[in-house]
Amino acid sequence: MGSMLSETVSPRDEPILYLKLAFTATFFAGLFQASLGLLRLGFVIDFLSKANLVGFMSGAAVIVSLQQLKGLLGISHFTSKMQFIPVMSSVFKHRDEWSWQTIVMGFSFLVFMLTTRHISMKRAKLFWLSAAAPLTSVILSTLLVFCLRSKTHEISFIGHLPKGLNPPSANMLYFSGPDLELAIKTGIVTGILSLTEGISVGRTFAALKNYQVDGNKEMMAIGLMNMAGSCSSCFVTTGSFSRSAVNYNAGAQTAVSNIVMATAVLVTLLFLMPLFYYTPNVILGAIIISAVIGLIDYQAAYRLWKVDKLDFLACMCSFFGVLFISVPLGLGIAVGVSVFKILLHVTRPNSLIMGNIKGTQIYHSLSRYKEASRVPSFLILAIESPIYFANSTYLQERILRWIREEDEWVKENDGSPLKCIILDMTGGFHLSHDSFVIPGINLSPGTL
């Protein structure tokens, strides 16, 4: 949301308009999410494949991390753009603003938080180390700046924070004006992403606990939550994987754990805000980096490369699109590649020559199983897709090519002449209303 809104409206120069657009985008995100659930259009989310999400999350994590260099290096003037080249240009353009005190503090606490995260991943029983590290860092850094405030002028800190709950923001919703299109577009994009993440988190823990998640109900719940949130000074939110994991590892069984957490937040907002006066801005950047760095899943990208090159391409398109162009365009390119992959599988379905495993009634691909052997005079072809008008011509040409190659193999190996062709279509049996005709062969619908 920040990356999309900041390209048009500066949160520093126009903070009120920026807030209005953020709340309005949240409202439209919730409206879009609830509408998908109400109309039972949950399948739309499935177009954002795992490959898309891996690339998007990694690209977003890199960009968000680079944006935090402003705080980690102590830079006062920084670009609001969210692309790799402008961010890095701004970092080196303002080298004279770098503060060695800020750098030492920021990277020290960043190493501390990343170390606790590594320990928690290696030892499940020590999950609380990673959960407690950010709060510990805030407390220690705040005490350090407070005690050495006369000697740490170059380390900027938060300053005054107002106490109390979020004020109502229904009066700030922006339904007319030149920037309404930006708010709607931002809301739809962030709404899709938050839905995908929230439902993915739900499905993950449902699998661990062996229960079912109703995607449409989840969409309506998340949508109504965001619509209500837009009226109470909240931006788009969804189910958090990290917080859910902490709850799960702590043994939480019900939503009472969320009530306890909300109570702790309420007490902090009402009574503890003055304690954060000397909290350095650099520690906030370090916390954000330590949080988002876990989203860079290079192992998943490597697995995609090993398993499916097209999925890997979708992942890379999403990653580099977010990194060098923008969030919506990067995501759009990735979805386009995924849709192209679907069309490719429909129009160019896989086909295999099947052979018999001796002594059994089992048939497997000759190219994949050395134990499989040809059946004399029979050509058994497996078609791993339904036959539609979009792939009928291709399959006709492919089957004729298999027949020619089979005849050549028979001649070279003095085998039995080809007498019969069997199409194994158990992978997706469906024939269009018209007959599927090959010169010399006529397969009517329902005939194998």
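I take helices (H or I, at least four residues) and strands (E, at least two) as DSSP runs, numbered from the N terminus. I note at the outset that the model is predicted.

**Entry 1: annotated spans.** I looked up "transmembrane region" in UniProt, where an unreviewed entry lists residues 16–41, 53–78, 98–114, 126–146, 254–276, 282–300 and 312–344. I then checked two of these spans in the model. Residues 98–114 are 88% helix and 0% strand, and their end C-alpha atoms lie 23 Å apart. For residues 16–41, I found 88% helix and 0% strand, with 35 Å between the end C-alpha atoms.

**Entry 2: surface patch.** I searched the surface for nonpolar patches and recorded one formed by L165, L266, V267, L270, F271, L272 and L275. Together these residues have about 640 Å² of accessible area. I class L275 as exposed because its relative accessibility is 60%, and exposed means over 50%.

**Entry 3: cavity.** The largest cavity has a volume of about 30 Å³. I listed its lining as I353, M354, L366, R374, V375, F378, L379, I380 and E406. I next asked which strands contribute to that lining: β1 (351–357) and β4 (378–383) each supply at least two residues. I recorded β4 as giving the most, with three residues.

Definitions and conventions: Residues numbered from 1 in each chain as written. Predicted model: local features only at pLDDT ≥ 70, side-chain atom pairs only at ≥ 80, totals over all residues. Heavy atoms only, no water. Patch = residues over 30% accessible without salt bridge, like charges linked within 9 Å, V, L, I, M, F, W, Y side chains within 5 Å. Areas by Shrake-Rupley, 256 points an atom, 1.4 Å probe, with all protein chains shown as cover. Salt bridge = Lys/Arg side-chain N within 4 Å of Asp/Glu carboxyl O. Buried < 20%, exposed > 50% of the residue type's maximum accessible area, 1.4 Å probe, protein only. UniProt positions renumbered as here; feature names shortened; annotations may be inferred. 1 Å grid on protein atoms, 1.4 Å probe; cavity = no way out; pocket = protein on both sides within 12 Å on 5 of 7 lines; lining within 4 Å. Points joined across faces, edges and corners; volume = space filled by probe spheres on them.
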